[in-house]
Amino acid sequence: MPIKQVHSIPAHVDRIWNLAPHPTLPLLAAATSDKSAQIYSLNTYFPVAQLDGNHKRSIRSVSWKPKSGSNSEVVLATASFDGSVGVWIRDSERYKEVGSTGDSGSIGLEEWEFVASLEGHENEVKCVDWSCDGTHLASCSRDKSVWIWEADEDNEEFECLAVLQDHTQDVKHVAWHPNEDLLASASYDDTIRLWREDDDDWVCSGEIIGHRSTVWCIDFDKTTGEGEARLVSCSADETVRVWSRESMTGNTAHRDIPSTFRSDPISENWQQEAILPQRHSGPIYAVSWSGQSGRIVSVGADGLLVVYQEVKTGEWVVIAEEEDAHSVFEINTAVWSRKWKSTASHGQESDAEKAAPNPGEEEIIITGGDDGNINIWEVTFQT
């Protein structure tokens with residue numbers, strides 16, 4: 001199945017560590033090794049903001065806070081090798097005009113405010129992720145810990161709710177379930193752990209063992225029904241694996257009873273559902289599970305981009321792959337995004353039009369690598 005590069009953004013002179021498309025707006029955040037985070041429009045692929053001056057070392061991860069209720073603020077969290085997590089809020093009322101950008105004319109750079117610095121990790125922060133309702137923010141670090149934070153209504157004051165230290169090595173990645181208050185973490189100790197709140201404490205509710213080397217990245221299936229959970233992981237052992245939750249034990253129906261008075265702590269049983277067809281010949285650094293098509297993409301040190309499709313439960317096939325997707329450079333990140341309506345060659349359009357997905361169009365894959373580029377890909381899928 002053909003895969004086509006449709007655009008490339010020469011974003012930075014140094015590597016792109018992580019990419020995050022906004023869940024509801026045509027915005028893309030990029031974490032880079034030049035101590036900044038760049039925000040791009042997914043309508044035009046032009047930069048709209050540069051967040052810098054607050055982190056002292058590389059920004060390793062970025063995560064958008066989901067909008068909830070009447071809260072319309074656009075909030076981004078950044079995780080840095082300087083050991084801190086930053087929180088930024090967009091000021092939608094203030095813009096700074098910049099010079100000509102060619103055929104599209106001039107664009108306005110948005111003003112962003114740095115509102116909070118979360119400190120406590122003893123070493124590099126590797127990943128940060130907001131929970132599905134934006135209530136909690138998780139961070140993980142080379143110090144072997146996972147921290148869970150809670151924000152106030154203004155996103156300016158944060159309280160650390162838990163410091164989780166069950167992993168025995170660096171924690172590389174954290175990811176929240178798309179509709180449960182369930183957190184997963186991946187580690188250099190070759191394991192994945194699951195975390196839940198039990199009474200007033202956060203506890204390890206499950207451990208996934210199976211990879212033979214560092215687990216670099218994890219992502220939940222966003223198409224599962226209520227009460228279901230599946231997870232994809234990738235590793236330095238050159239495999240991509242899918243895991244499913246088979247059962248939960250513990251009196252989850254009576255969470256109002258303190259855990260000290262219960263004899264049945266919450267526990268989850270996860271089993272390996274599949275090892276996806278092996279294509280990579282080196283560590284696999286990133287996987288992403290599409291919430292639109294249910295497909296998975298993986299990238300890694302070998303420069304290969306691979307797209308997988310599930311033909312029936314537990315059986316996956318490769319439907320597209322691209323060698324040297326970033327020339328000779330390693331690829332650090334890959335994410336799925338809806339394909340937004342392009343305004344690069346059109347006149348002025350309303351905000352509603354700019355925020356509208358392209359009806360009937362396929363989603364896109366966005367990758368970032370050590371070459372400092374952000375590449376946009378389309379795949380022609382079978383129906």
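Q: Before we look at this structure, what is meant by a pocket?

A: A pocket is an open set of grid points, where a 1.4 Å probe fits, with protein on both sides within 12 Å along at least five of seven lines. Keep in mind that this is a predicted model. Its largest pocket has a volume of about 1200 Å³.

Q: How many residues line the largest pocket, and which lie nearest its centre?

A: The lining holds 49 residues. Those nearest the centre are Pro21, Asp129, Asp219, Lys222 and Val335. Several strands supply two or more lining residues each: β2 (16–21), β6 (59–64), β10 (125–130), β14 (171–176), β18 (215–220), β22 (284–289) and β27 (331–337).

Q: Which element gives the most to that lining?

A: That is β27, which contributes 6 residues.

Q: What does the lining look like by class?

A: Sorted by class, the lining of the largest pocket counts 27 nonpolar, 14 polar and 8 charged residues.

Q: Let's turn to cysteines. How many disulfides does the structure hold?

A: A disulfide is counted when two cysteine sulfur atoms lie within 2.5 Å. The structure holds 0 of them. Take Cys140: the nearest cysteine sulfur belongs to Cys127 and is 4.9 Å away, and Cys140 is in no disulfide. Cys140 is also buried, as its relative accessible area is 0%.

Q: Which geometry do Trp176 and Trp202 show?

A: Their pair is edge-to-face, with 80° between the planes and 5.8 Å centre to centre. Here the partners come from strand β14, which holds Trp176, and strand β17 (residues 201–209), which holds Trp202, so the pair links parts that are 26 residues apart in sequence. Trp176 is buried at a relative accessible area of 7%, and Trp202 counts as buried at 8% relative accessibility.

Q: How should I think about a nonpolar core?

A: In soluble globular proteins, nonpolar side chains tend to be buried together. The largest nonpolar core in this structure has 30 residues. Val240, Leu276, Ile296, Leu305, Val307, Trp316 and Ile365 touch the most other members. At least two core residues come from each of β19 (230–235), β20 (240–249), β22, β23 (296–300), β24 (305–312), β25 (315–322), β27 and β29 (374–379). There is also a second, separate core of 19 residues, and among its members are Leu25, Leu27, Ile39 and Val62.

Q: Which residues have a positive phi although they are not glycines?

A: Asp190 is one of them, with a positive phi of about 80°. Asp190 is in the loop between β15 (183–187) and β16 (191–198), and at 24% relative accessibility it counts as partly exposed. Ser327 is another, with a positive phi of about 60°. Ser327 belongs to strand β26 (residues 325–328), and it counts as partly exposed at 42% relative accessibility.

Q: How far apart in space are Thr44 and Ser342?

A: Separation along the chain and separation in space can be read side by side. Thr44 and Ser342 are 298 residues apart in sequence, yet 6.0 Å apart from C-alpha to C-alpha. Thr44 has its place in the loop between β4 (37–41) and β5 (47–51), and it counts as buried at 17% relative accessibility.

Q: What separates the C-alpha atoms of Ser235 and Ala286?

A: The gap is 8.6 Å, for two residues that are 51 residues apart along the chain. Ser235 lies in strand β19 and is buried, with a relative accessible area of 0%.

Conventions. Residues are numbered from 1 along each chain as its sequence is written. This is a predicted model: local features need pLDDT of at least 70, side-chain atom pairs count only at pLDDT 80 or more; totals for chains, interfaces and linings use all residues. Side-chain values use heavy atoms; hydrogens and water are left out. On a 1 Å grid over the protein atoms alone, a cavity is a set of points where a 1.4 Å probe fits but cannot get out, and a pocket is an open set with protein on both sides within 12 Å along at least five of seven lines; lining residues have an atom within 4 Å of a point. Grid points are joined across faces, edges and corners, and a volume is the space filled by probe spheres set on the points. Helices (H or I, at least four residues) and strands (E, at least two) are DSSP runs, numbered from the N terminus. Ala, Val, Leu, Ile, Met, Phe, Trp, Tyr, Cys and Pro count as nonpolar, Asp, Glu, Lys and Arg as charged, and the others, Gly among them, as polar. Buried means under 20% relative accessible area, exposed over 50%, partly exposed in between (1.4 Å probe, protein chains only). Rings of Phe, Tyr and Trp (its six-membered ring) pair if their centres lie within 6.5 Å; planes under 30 degrees apart count as stacked, over 60 as edge-to-face and the rest as tilted. A nonpolar core is a set of buried Ala, Val, Leu, Ile, Met, Phe, Trp, Tyr and Cys residues joined through side-chain atoms within 4.5 Å.
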